[in-house]
Amino acid sequence: MAGGPSRDSGLPGVATELGLRASHEDRDQVVDVLRVAAGDGRLTAEELDERVGAALTARTMGELADLTADLPTVTSASRGAAEVKDLVRIEQEGASTRRGEGWVVPRRMEIRSMWGEVVLDFTQAVITHDRLRLDLDIRGGSLKLLTRPGVVVDTDDLVTHYAKIKARRSAAPETSVVLRVEVAGELHYGQVVVRPPGRFGR
């Protein structure tokens with residue numbers, strides 16, 4: 001076959017020539033595939049770190065293909081189902097909202113809640129990037145974050161008024177950061193609770 005052998009790259013419906021030069025977009029797509037695989041438990045934190053580093057420095061499509069050869073092929077349908085939104089808004093009064101199994105983590109969320117509860121469960125969420133910003137305006141309610149190894153929460157930019165922040169560290173060994181959740185905005189007469197898997201959320 002002219003041009004040499006081809007290999008499935010693990011990208012949507014693409015069989016690429018091994019020697020074809022990779023673009024920044026090609027590298028970013030492979031990094032997305034690797035992050036989803038790590039979120040599904042198919043890769044350890046160490047494997048994720050190693051493969052992401054290799055993807056970002058890969059010169060050819062063949063090198064990228066090697067990094068996803070033992071992972072499920074990402075189809076167009078599955079990529080569409082896991083399409084990441086730039087912004088998701090939650091607005092409620094005296095109500096509760098929960099994001100649970102299989103939800104796709106956006107890049108930013110605006111949460112406006114009065115006398116209600118918002119639960120974001122990251123244990124089986126689809127995580128395709130490394131940062132989520134939460135902009136809060138919570139009054140008389142709560143935000144509960146259920147984490148997993150690799151998900152860290154930063155509340156340094158959150159302003160509190162007669163409110164509390166309760167964070168429980170995971171008992172799991174230290175692992176590489178898969179997602180950093182940056183919590184900002186204002187919390188009045190409420191609480192933010194951060195906990196690893198356990199009784200929380202049941």
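# A walk through the predicted model

G141 has its place in the loop between strand 7 and strand 8, where helices (H or I, at least four residues) and strands (E, at least two) are DSSP runs, numbered from the N terminus. The structure is a predicted model, in which local features need pLDDT of at least 70, side-chain atom pairs count only at pLDDT 80 or more, and totals for chains, interfaces and linings use all residues. Residues are numbered from 1 along each chain as its sequence is written, and side-chain values use heavy atoms, with hydrogens and water left out.

With a relative accessibility of 9%, G141 counts as buried, a word that stands for under 20% relative accessible area, while exposed stands for over 50% and partly exposed for what is in between (1.4 Å probe, protein chains only). If neighbours within four places in sequence are left aside, G141 is in contact with W115, G116, L187, Y189, G190 and Q191, contact meaning heavy atoms within 4.5 Å. The C-alpha atoms of G141 and S96 are separated by 9.5 Å, although these two residues are 45 residues apart along the chain. S142 belongs to strand 8 (residues 142-146), and S142 is buried too, with a relative accessible area of 8%. Again leaving aside neighbours within four places in sequence, S142 touches G116, E117, V118 and Q191.

The protein chain as a whole can now be described. Its secondary structure comes to four helices and twelve strands, and of its 202 residues, 42% count as buried. Among the contacts between residues at least 6 apart in sequence, 67% join residues at least 24 apart.

The next stop is helix 1, which covers residues 24-39, has 16 residues and reaches 23 Å from its first C-alpha to its last, close to the 22 Å expected at 1.5 Å a residue; the expected span of a helix is 1.5 Å times one less than its number of residues. The buried residues of helix 1 include V30, V31, V33 and L34, but also D26, R27 and R35. What covers the buried residues of helix 1 includes helix 2 (45-57) and helix 3 (61-68).

How do helix 1 and helix 2 pack, in angle and in distance between axes? Their angle is about 170°, and their axes are 9 Å apart, the axes being lines fitted to C-alpha atoms, for helices over the stretch in contact, with angles that run from 0 to 180 degrees between N-to-C directions. Helix 1 and helix 2 are therefore roughly antiparallel to each other, since angles over 145 degrees count as roughly antiparallel, those under 35 as roughly parallel, those from 65 to 115 as roughly perpendicular and the rest as oblique. On the side of helix 1 the contact is made by R27, V30, V31, L34, R35 and A38, and on the side of helix 2 by L48, R51, V52, A55 and L56. By class, this contact has eight nonpolar, no polar and three charged residues, where Ala, Val, Leu, Ile, Met, Phe, Trp, Tyr, Cys and Pro count as nonpolar, Asp, Glu, Lys and Arg as charged, and the others, Gly among them, as polar.

Just after helix 1, G41 takes a positive phi of about 85°. T44 is found in the loop between helix 1 and helix 2, and with 39% relative accessibility T44 counts as partly exposed. The C-alpha atoms of T44 and S176 are separated by 9.2 Å, while the two residues are 132 residues apart along the chain.

Most residues other than glycine have a negative phi. Y162, however, has a positive phi of about 50° although it is not a glycine, and Y189 likewise has a positive phi of about 50° without being a glycine.

W103 and F122 are 19 residues apart, and both are buried. The rings of Y162 and Y189 have their centres 5.4 Å apart and their planes at 10°, so this pair is stacked. Y162 lies in the loop between strand 9 and strand 10 and Y189 in the loop between strand 11 and strand 12, so the pair ties together parts that are 27 residues apart in sequence. Both Y162 and Y189 are exposed.

Definitions and conventions. Rings of Phe, Tyr and Trp (its six-membered ring) pair if their centres lie within 6.5 Å; planes under 30 degrees apart count as stacked, over 60 as edge-to-face and the rest as tilted.
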